[in-house]
Amino acid sequence: MKIENFSYYQKKHVIFHDANFYFEDGKINFILGAKMSGKSIILDQIAAENSNFSGFPKAKEIAYLAQENHFRIGLTVREIIGFIRQLSSARNLALPSTLQRILDIKYCDLVFSDRKILLVYLNLLVDKQLYLFDEPEMGLSLTHSKIIFDWLRTLVAEDKTVILTTNKLDNILETDNVNFIKNAEEILADNYLKIKSRMAF
Amino acid sequence: MGRGLYLLFENDVAIFMIQLKIALKEKFYFVYTLLLPIFMVFLNKNLNFQDDGSLYIYWSYIVVTTVFNGFLINIIRLRESGFFKTLIFLVESKNMILLSNIFVQLIIVQLEILLFNIFVTLFITHLSLITFLYGFLTSFLATLLSAAMMVVLLFVKMKQDSFNFLIGSLFVLGIALLGLHPNGILEYLLTILNPFQMIYELYIVHCSSSTLKFLIGSCTILYLAIAGFLLPKISINRYLK
């Protein structure tokens, strides 16, 4: 899967100019970059219905967790999970112990970390080819972000492809594919070990 | 056959049921979409209630405020929170989320109009079965038309605070202008622009002049066509800054 010669402008501000991104099937692919560097724009473009990038599945085969989900819903965690399980694309996935203790709490009453973990789990519950996560570990402690990344790596074990954005290095393994946004034109794409040696993080 | 049909619309049924459940849990909204008009009709019970015309103002209020909160505000909140995007990819259809939301409003409006009519017939004045039936049938179109008139607001791009002020002002102004009982050109103008007035005129259409009937018919078709064209084009990303 690749995005080549991609340009994107917001008013007169150049976000990307002739930028290239490369993603590997069946792996975790990170889009790494500073805040406001345009990471979410790449995910939006991949997920767009009229996306004409090479090798990406159609929108119906994509799960996409947006960065912010502040919607107040009076439903409990049990009701929300029950709803996703009714969908035709739902997978038979065991309920993790992290979520069992909050099953009867309303979504609007959840603490931030539980809400984020629930949202990631809901996206794992549907069977898709490609999973997009926009900064899934944002605002979470290391413990919580480790739970999320353990789940994401189980997806890869099932030969699914994951693309996620981040501005942190904590959860990237040396073998993971990384697209590092150096600037609007230069994207370094390789495994993390090689990116690290070039960038001296 | 039934099971096959269910499987065909599995996602549609699930998204409709969850939206209905969410709507019924938002009890606070019923305070001003249902309890407030009941309170108002109770306060005005000594006024002339000889014809159903007095009733239609309350029906209009119920329909427009319910659609305003349940459809317009709900979709905007959903989109601006980022949850709209996540939900669309989970259920695989943006249109289904929007359509099921409108279906939910149809159910809620019918329930509210029914409860309101029961209250009026028990405590204020007897309403005939014909009135109940008329309210039931007309409210389907009234709900759709009300939603159609608001669709354009889903495309407004401005600062969040300005937008909140804009829709708040339109809402209050709409109710205030309905209470004016306008005549002549002003009535025609407000029928075109003010959802409260349009829905009221729709309910009372059988008593209207031919010109007004023609205006209501044309506007109904036009608004529904515009909404049908615009609604699938709504962005899943934030509009408000």
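A salt bridge here is a side-chain nitrogen of Lys or Arg within 4 Å of a carboxyl oxygen of Asp or Glu. Keep that in mind as we look around this predicted model, which holds 15 salt bridges over all chains.

| Pair | N to O distance |
|---|---|
| A:Asp104 and A:Arg78 | 3.0 Å |
| B:Lys21 and A:Glu79 | 3.9 Å |
| A:Lys160 and A:Asp127 | 2.7 Å |

Let's start with the side chains of A:Asp104 and A:Arg78, which meet in a salt bridge. This pair links distant parts of the chain, 26 residues apart: A:Asp104 sits in the loop between helices H3 (97–100) and H4 (112–124) of chain A, while A:Arg78 belongs to helix H2 (residues 77–86) of chain A. A:Asp104 counts as exposed because its relative accessibility is 55%, and A:Arg78, at 44%, counts as partly exposed.

Next up is the bridge between B:Lys21 and A:Glu79. This one crosses between chains, running from helix H2 (residues 10–25) of chain B to helix H2 of chain A. B:Lys21 is partly exposed at 37% relative accessibility, and A:Glu79 is partly exposed too, with a relative accessible area of 22%.

Then there's A:Lys160 with A:Asp127, back within chain A. A:Lys160 lies in the loop between helix H5 (142–157) and strand S6 (161–166), and A:Asp127 in the loop between H4 and strand S5 (130–134), 33 residues apart. A:Lys160 counts as buried because its 14% relative accessibility falls under the 20% cut-off, whereas A:Asp127, at 39%, counts as partly exposed. Salt bridges that share partners also join A:Glu79, B:Lys21 and B:Lys25 into one network.

The largest pocket has a volume of about 1,900 Å³. It has 49 lining residues, and the closest to its centre are A:Tyr8, A:Asp44, B:Lys85, B:Asn237 and B:Arg238. H1(A) gives the most, with six residues.

Of its 23 lining residues, B:Leu153, B:Leu170, B:Leu193, B:Asn194 and B:Pro195 lie nearest its centre. H8(B) provides the largest share of that lining, five residues. What is the make-up of this second lining, in nonpolar, polar and charged residues? It has 21 nonpolar, two polar and no charged residues.

Technical notes: Residues numbered from 1 in each chain as written. Chains lettered and ligands numbered in written order. Predicted model: local features only at pLDDT ≥ 70, side-chain atom pairs only at ≥ 80, totals over all residues. Heavy atoms only, no water. 1 Å grid on protein atoms, 1.4 Å probe; cavity = no way out; pocket = protein on both sides within 12 Å on 5 of 7 lines; lining within 4 Å. Points joined across faces, edges and corners; volume = space filled by probe spheres on them. Helix = DSSP H or I, 4+ residues; strand = E, 2+ residues; numbered from the N terminus. Nonpolar A, V, L, I, M, F, W, Y, C, P; charged D, E, K, R; others polar. Buried < 20%, exposed > 50% of the residue type's maximum accessible area, 1.4 Å probe, protein only.
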